[in-house]
Amino acid sequence: MKKYEILSKIEEVGITAVVRAKNSEEAKKIALACMDGGINSIEITFTVPGAYKVIESLTEEFGDKLLVGAGTVLDGETARIAILVGAKYIVSPAFDEGTAKLCNRYQIPYIAGCMTVVEMIKAMESGADIIKVFPGSAVGPSFISAIKGPLPQALLMPTGGVNLDNVGEWIKNGCIAVGVGGNLTKGSKEDITRTAKEFVKKVKEARNNK
């Protein structure tokens with residue numbers, strides 16, 4: 001899958017499920033529950049024991065039907081491991097130049113965590129494809145429209161603080177997509193699938209009412 005196709009898929013549904021779990025088995029169950037709810041972009045964080053195994057397993061089983069990325073990637077070495085087992089995109093909690101260079105070398109989208117305009121500009125200059133506004137809970141949806149003033153070209157995706165009550169506001173303020181962790185991935189498989197469907201519905205509604 002080419003880089004522009006991956007970025008288009010991230011934007012298409014507009015939600016990336018951020019999966020943190022106690023073990024690889026739990027992580028895979030959460031990922032499948034989100035998939036059943038209509039979310040086809042799954043970020044497996046490297047805080048999950050054996051995260052690379054989960055990425056590899058999901059990629060082998062579903063191929064391009066499921067967009068599996070690697071999250072909490074702090075350096076280029078971890079990014080390379082993730083890419084080798086099939087990760088379609090790389091997400092960091094903060095911008096890392098080495099990771100940006102490696103992702104550009106292999107034409108893998110890099111989503112870099114930033115909070116300030118200075119960080120965002122540096123990340124974009126270094127080739128970051130999407131800016132992960134993190135933690136989103138520290139700023140709120142109105143921050144997006146404020147950033148879009150001086151940086152209309154920035155592709156923004158908040159993570160942290162996104163829930164069913166405010167996801168529509170994040171989208172209406174100009175986000176390309178949102179990343180959702182605990183507010184989506186907690187509970188039983190049925191709970192997660194039901195919540196995923198609600199998130200998908202609310203993103204569609206927000207886009208239609210822009």
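Reply: P152 sits in the loop between α7 (142–148) and β7. Helices (H or I, at least four residues) and strands (E, at least two) are DSSP runs, numbered from the N terminus. The model is predicted, so local features need pLDDT of at least 70 and side-chain atom pairs count only at pLDDT 80 or more, while totals for chains, interfaces and linings use all residues. Residues are numbered from 1 along each chain as its sequence is written, and side-chain values use heavy atoms, with hydrogens and water left out.

P152 is exposed, at a relative accessible area of 55%. The cut-offs are under 20% relative accessible area for buried, over 50% for exposed, and partly exposed in between (1.4 Å probe, protein chains only). From P152 to G174 the C-alpha distance is 9.1 Å, across 22 residues of sequence.

Continue past β7 (156–158). T159 lies in the loop from this strand to α8 (167–172). T159 is buried, with a relative accessible area of 8%. Leaving out residues up to four places away in sequence, T159 touches V18, K132, V133, F134, P135, G136 and G179. A contact here means heavy atoms within 4.5 Å.

The peptide bond from F134 to P135 is cis, with omega near -5 degrees. P135 belongs to the loop between β6 and α7. Most peptide bonds are trans.

K132, in β6, is the bridge partner of G113. Strand β6 (residues 130–133) runs parallel to β5, and 4 bridges join them. Two strands count as paired if DSSP finds at least two bridges between them. Between β5 and β6 the chain passes through helix α6 (residues 117–125), in a right-handed β-α-β crossover. Right-handed means that, with the strands pointing away from the viewer, the path from the first strand over the helix to the second runs clockwise.

β5 also pairs with strand β4 (residues 90–92), again in the parallel sense, over 3 bridges. There, I111 of β5 is the bridge partner of V91. The crossover from β4 to β5 goes through helix α5 (residues 97–105), and it is right-handed too. Q107 is partly exposed, with a relative accessible area of 45%.

Now β5 itself. In strand β5 (residues 110–114), 5 of the 5 residues are buried, so the strand is largely enclosed by the rest of the structure. Y110, A112 and C114 point one way; I111 and G113 point the other way. In a regular strand the side chains alternate between the two faces of the sheet.

T72 lies in the loop between β3 (67–71) and α4 (76–84). T72 is buried, with a relative accessible area of 18%. Most residues other than glycine have a negative phi.

G38 follows α2 and has a positive phi, near 100 degrees. G38 is in the loop that links α2 (24–36) to β2 (41–45). G38 is partly exposed, with a relative accessible area of 37%. Residues up to four places away aside, G38 touches V13 and V200. Its C-alpha atom is 13 Å from that of E11, 27 residues apart along the chain.

Helix α2 deserves a word. Its 13 residues reach 18 Å from first C-alpha to last, close to the expected 18 Å. The expected span is 1.5 Å times one less than the number of residues. S24, A27, I30, A31, A33 and C34 are buried in α2. Their cover includes β1 (15–19), β2, α3 (51–62), α9 (182–185) and α10 (189–208).

Finally, the whole chain. It has 10 helices and 8 strands. Of its 210 residues, 52% count as buried. Among contacts between residues at least 6 apart in sequence, 59% join residues at least 24 apart.
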